[in-house]
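Here is a short report on a metal site and a sheet. Start with the geometry of the site.

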Amino acid sequence: MTEARDLLIRDATLPDGRTGQDLLILAGRIAAVGPALAAPPGVPTLDAQGWMVSAPFVDAHFHMDATLSYGLPRVNASGTLLEGIALWGELKPQLTQEALVERALQYCDWAVAKGLLAIRSHVDICDDRLLAVEALLEVRRRVAPWLDLQLVAFPQDGVLRSPSALANLKRALDLGVEVVGGIPHFERTAEHGAESVRLLCELAAERGLRVDMHCDESDDPLSRHIETLAFHTQRLGLQGRVTGSHLTSMHSMDNYYVSKLLPLIAEAGVHAVANPLINITLQGRHDTYPKRRGMTRVPELMAAGVNVAFGHDCVMDPWYSLGSGDMLEVAQMGLHVAQMTSQAQMRACFDAVTTNAAQVLGLDGHGLDVGCHGDVVLLQARSPVEAIRLRATRLAVVRRGQVIARCAPAQAVLDLPGRGPATIDWTLQR
Ligand SMILES: [Zn+2]
């Protein structure tokens, strides 16, 4: 692990609005938070200059085995989910472990520089060689000092539809992959989908593992596997350990049915993960106009008491050509697509890429409370809303009390005719 260090951060604003706060990190853990803390001798200081300190960003849903492969072996012409899956199938036989590791490590560098210090990545286990699994286990080991990488055994081609998928999935778990994945809406029939949810939840219960399924990533309002996932979660006592990812069919479902469904999800303690950039890009592709947005019902899930996080899902891969590991871009898109524009809702979008996502992963010690890990991000913003608006520059990224990334403040120098030089940073000067 990163060597546990001491650090005193002076004059920070906290996400809850408190200003003039110091954070003392001792031996890699937050030891005190408050105004004008006494500096123990020999502890280095970082002057926050009033900018906001936040717990690190957490990505609750990603595909690190596919990332940065854009254009290999060709680009997705239709832009649809199904062509993306087909394209990934073309790419898989050409993958080498070395190239997988190299691309994933490059992405982890991008992530860390954006203050993204924990990622749950699905890893496709349908290739009998388990090349991607071995590659990402190696990446997990190598990045562990600065980034928590949690892996999900993901049967991309369907755990029942693909002949060796179940055996491969168990092998991946034996190798150290820690979460059970699934894709019920991609199985051959709705019955097979339901059967896959049952057997995968039972497998997780037997092994004491968490579950995260790609669930109902479809515009089909009758794709209702989330109901089955909530049922088995409750039946097997897996509350708090199961996640339904995407849930896009809920966008198109009948309102009456959803009014029954949301309390069932909440009662089962199932986490929901929306992937705003990818959902708005891939869903509604079979519509003419009006075109559905396709993202799941985020504010309604939150109001029902469900923990909702946002994931990046893809960066430069067969499904999505853009992205840079910036969870504030994800939060910004989620805010727009869900029309979460009140102050409380905008702050909830910030939580969706920090604290809520940390709950999905079951991370210990994520936060700004005394006793949490000394992992923080200094943002060039004074509130969570301003951070989203500006996709704020990460002035410093701290892991276990050690500054591991820095970025120069974003600013422009104006020299307007007749006005003389001025410096702006797009924050309100009051
Ligand atoms: Zn995904």
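The four donor atoms around the zinc ion subtend angles of 85 to 178°, so the arrangement is irregular. Four donors count as tetrahedral if all angles lie between 85 and 135 degrees; four count as square planar and six as octahedral if opposite donors are over 155 degrees apart and all others between 65 and 115; anything else is irregular. Ideal angles at a metal are 109.5 degrees for four tetrahedral donors.

This is a predicted model: local features need pLDDT of at least 70, side-chain atom pairs count only at pLDDT 80 or more, and totals for chains, interfaces and linings use all residues. Residues are numbered from 1 along each chain as its sequence is written, and side-chain values use heavy atoms, without hydrogens and water.

The zinc ion is coordinated at 2.1 to 2.6 Å. Donors are N, O and S atoms within 2.8 Å of the metal (3.2 Å for Na, K and Ca); water is not among the atoms, so sites may look incomplete.

| Residue | Donor atom |
|---|---|
| H61 | NE2 |
| H63 | NE2 |
| H214 | NE2 |
| D313 | OD |

Along the chain, the donors follow the spacing H-x1-H-x150-H-x98-D. H63 lies in the loop between β6 (57-62) and α1 (81-91), and D313 in the loop between β13 (308-310) and α11 (327-337), 250 residues apart. Both H63 and D313 are buried, meaning under 20% relative accessible area (1.4 Å probe, protein chains only).

Now the sheet. Four strands form an open sheet in the order β3-β2-β1-β4, with mixed pairing. Strands are DSSP runs (E, at least two residues), helices likewise (H or I, at least four), numbered from the N terminus. Two strands pair if DSSP finds at least two bridges between them.

Note on methods
Buried < 20%, exposed > 50% of the residue type's maximum accessible area, 1.4 Å probe, protein only.
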